[in-house]
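Have a look at it first.

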Amino acid sequence: MSYYGNGSTKIFQGEKGGQASSLANSKESTGVDLLPRSIDDLYRTMSDAIIAEQAIYTLNTYNKSLSKVQLYPRKVETIATFNNIEFDCLVAHEGKFYVASGTTIYEIGLDGSRSIYLDGKDLTYNDGNPINKISQLSFDSNGNVIVYDDDNKAIRRINLV
């Protein structure tokens with residue numbers, strides 16, 4: 001997905017090293033609203049996408065919704081909304097979305113199901129400093145969680161496997 005200064009969002013398809021073509025454009029009124037209403041909100045908005053089952057699933061932190069975009073024939077459906085959670089960061093990993101809110105990491109399935117994946121309050125850290133807020137989230141090649149703890153200015157690996 002790419003944002004353009006003219007107020008549109010596009011979804012592209014392409015191969016590494018090749019030419020990409022546009023699959024969908026928010027200006028086409030397809031029902032996918034990925035854009036915030038103000039420039040200030042734009043800088044706080046996060047989106048990620050997963051391609052599965054002949055569709056593109058998008059999770060957007062501005063409108064707090066999980067959408068399924070079927071390209072042929074064009075159909076957009078909102079799978080779930082998450083109005084009761086504040087998103088601090090978002091990442092797609094192995095067919096699921098992971099969002100952090102404070103010290104809690106939630107796993108969101110493509111069907112909209114949400115469960116607690118990891119509660120940071122339950123963890124013990126080598127330096128003894130607790131995490132107050134997860135600012136960035138990723139996974140390493142072994143499936144361990146990597147987080148950036150902005151309060152302690154620390155990158156932390158949480159071994160799960």
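Q: Which residue in β9 stands opposite Leu90?
A: Val99 does. The model is predicted, so local features need pLDDT of at least 70, side-chain atom pairs count only at pLDDT 80 or more, and totals for chains, interfaces and linings use all residues. Residues are numbered from 1 along each chain as its sequence is written, and side-chain values use heavy atoms, without hydrogens and water.

Q: Why are β8 and β11 called edge strands?
A: The open sheet has the order β8-β9-β10-β11. β8 (89-93) and β11 (114-119) each pair on one side only.

Q: Why is Arg156 called buried?
A: Buried means under 20% relative accessible area (1.4 Å probe, protein chains only); exposed is over 50%, and partly exposed lies in between. Arg156 has 8%, so it is buried. Arg156 is found in strand β14 (residues 154-158).

Q: What makes the link between the side chains of Arg156 and Asp149 a polar contact?
A: A polar contact is a pair of N or O atoms within 3.5 Å; within protein, one must be able to donate a hydrogen and the other to accept it, and residues adjacent in sequence count only if both atoms are side-chain atoms. The Arg156 and Asp149 side chains make theirs at 3.1 Å. The backbone oxygen of Asn129 lies 3.3 Å from a polar atom of the Arg156 side chain.

How values were computed:
Pairing = 2+ DSSP bridges. Helix = DSSP H or I, 4+ residues; strand = E, 2+ residues; numbered from the N terminus.
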